[in-house]
Amino acid sequence: MTKLSTKHLLGIKELTADDIHLILHTAENFKEVINRPIKKVPSLRDITIANLFFENSTRTKLSFELAEKRLSADVVNFSSGSSSVKKGETLIDTVNNILAMKVDMVVMRHPNPGAAVFLSKHIDAKIINAGDGAHEHPTQALLDAFSIKEKLGTIKGKKIAIIGDILHSRVALSNIFCLQKLGAEVMVCGPTTLMPKYIRSLGVKVEHNLRKALEWCDVANMLRIQLERQDIKYFPSLREYTMLFGLNKEILDSLSKKIVVMHPGPINRGVEITSDVADSAQSIILEQVENGVAVRMAVLFLLAGRA
Ligand code: CP
């Protein structure tokens, strides 16, 4: 198989297991490319890509831009904070004006769930969802899967615990879909108030005790408390949250086996994870960031139909 079954990357839910395997295999080749002295290949020459960010980002934005440049695409960047969105221009008008400049692909981050799906129904360009509200963040899940496979050799049969603010996390949902399609067992762990009501219907284990989750898993993916998406109080205080669900070195070292620690970033050091864990030999947080470029190169290359 050399082609994806979809025109866009809107979410992991729409991908087949074969699609995911193809992306991960293609990313392995691109990881080799970006570690060469000359990191650039001509694969997307003459393709123009617009990165539209309607919400803040460090990793995803830079990683997509670097991936596009490594593939020799022409790149334009848009941040809503410094655009005519501030003067009342709509999403469709904004995108149609950018597409009038002959753009082939759109990478979009947006605070509203479903924004990428909505756009795909109104424009012709290929769309990659770079995170839509609390819905999906497909390239994060793909780079997480790539990083687990790289570290453990396989994903099938591995036990992955996703710990923290599951309710507001697009990373959690995309990871659940991705890891299950690849044959992993997935557990979510966090306070009851930060679990979506439908969570058990996704076929995941649910745990509210951090130590039990950590003793069960091979990999712990620690998530940030998304205070910017919380309009009410979901727990008494950050201090109490950290006491019950924060991963520190004492807990990590007391486990019966050495687990792998992940975090999608940005980290709130001292809240969901302490610095000595984030920076420890068991953490693959910076490997995740490095792999993000290779995985995004694979997604762009495959969607552009250059395989
Ligand atoms: N992991 C992630 O999406 O980080 P940014 O918000 O910085 O892009």
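At 0% relative accessibility, Glu68 counts as buried, where buried denotes under 20% relative accessible area, exposed over 50%, and partly exposed the range in between, with a 1.4 Å probe and protein chains only. The structure is a predicted model, in which local features need pLDDT of at least 70 and side-chain atom pairs count only at pLDDT 80 or more, whereas totals for chains, interfaces and linings use all residues. Residues are numbered from 1 along each chain as its sequence is written, and side-chain values use heavy atoms, with hydrogens and water left out.

Glu68 belongs to helix H2; helices (H or I, at least four residues) and strands (E, at least two) are DSSP runs, numbered from the N terminus. Ala73 is placed in the loop between helix H2 (59–70) and strand E2 (74–79), and with a relative accessible area of 9% Ala73 is buried. The loop between H2 and E2 also holds Ser72, a residue that is buried at a relative accessible area of 17% and that has a positive phi of about 70° although it is not a glycine.

A positive phi is likewise found at Lys102, a residue other than glycine, where the value is near 65°. Lys102 is located in the loop between helix H3 (91–99) and strand E3 (105–110), and at 67% relative accessibility this residue counts as exposed. A further backbone feature is the peptide bond from Gly265 to Pro266, which is cis, with omega near -5°; Pro266 lies in the loop between strand E9 (260–262) and helix H10 (275–278). These features are noted because most residues other than glycine have a negative phi, and most peptide bonds are trans.

The ligand is surrounded by Ser57, Thr58, Arg59, Thr60, Arg109, His137, Gln140, Pro264 and Gly265, a residue being counted as near a molecule or strand if one of its heavy atoms lies within 4 Å of it. This shell divides into one nonpolar, six polar and two charged residues, under a scheme in which Ala, Val, Leu, Ile, Met, Phe, Trp, Tyr, Cys and Pro count as nonpolar, Asp, Glu, Lys and Arg as charged, and the others, Gly among them, as polar. An oxygen atom of the ligand is 2.8 Å from an N or O atom in the side chain of Arg109, and a polar side-chain atom of Arg59 lies 2.9 Å from an oxygen atom of the ligand. For Gln140, a polar side-chain atom is placed 3.0 Å from a nitrogen atom of the ligand. Taken alone, the ligand exposes 250 Å², of which the protein buries 91%, with accessible areas from the Shrake-Rupley method and a 1.4 Å probe.

Ser147 is located in helix H5 (residues 138–152) and is buried, with a relative accessible area of 1%. The side chain of Ser147 reaches the backbone oxygen of Leu143 at 2.7 Å, a polar contact being a pair of N or O atoms within 3.5 Å, of which, within protein, one must be able to donate a hydrogen and the other to accept it, while residues adjacent in sequence count only if both atoms are side-chain atoms. Val293 is placed in helix H11 (residues 285–303) and counts as buried at 10% relative accessibility. Val293 and Leu44 are 249 residues apart in sequence and 15 Å apart in space, C-alpha to C-alpha.
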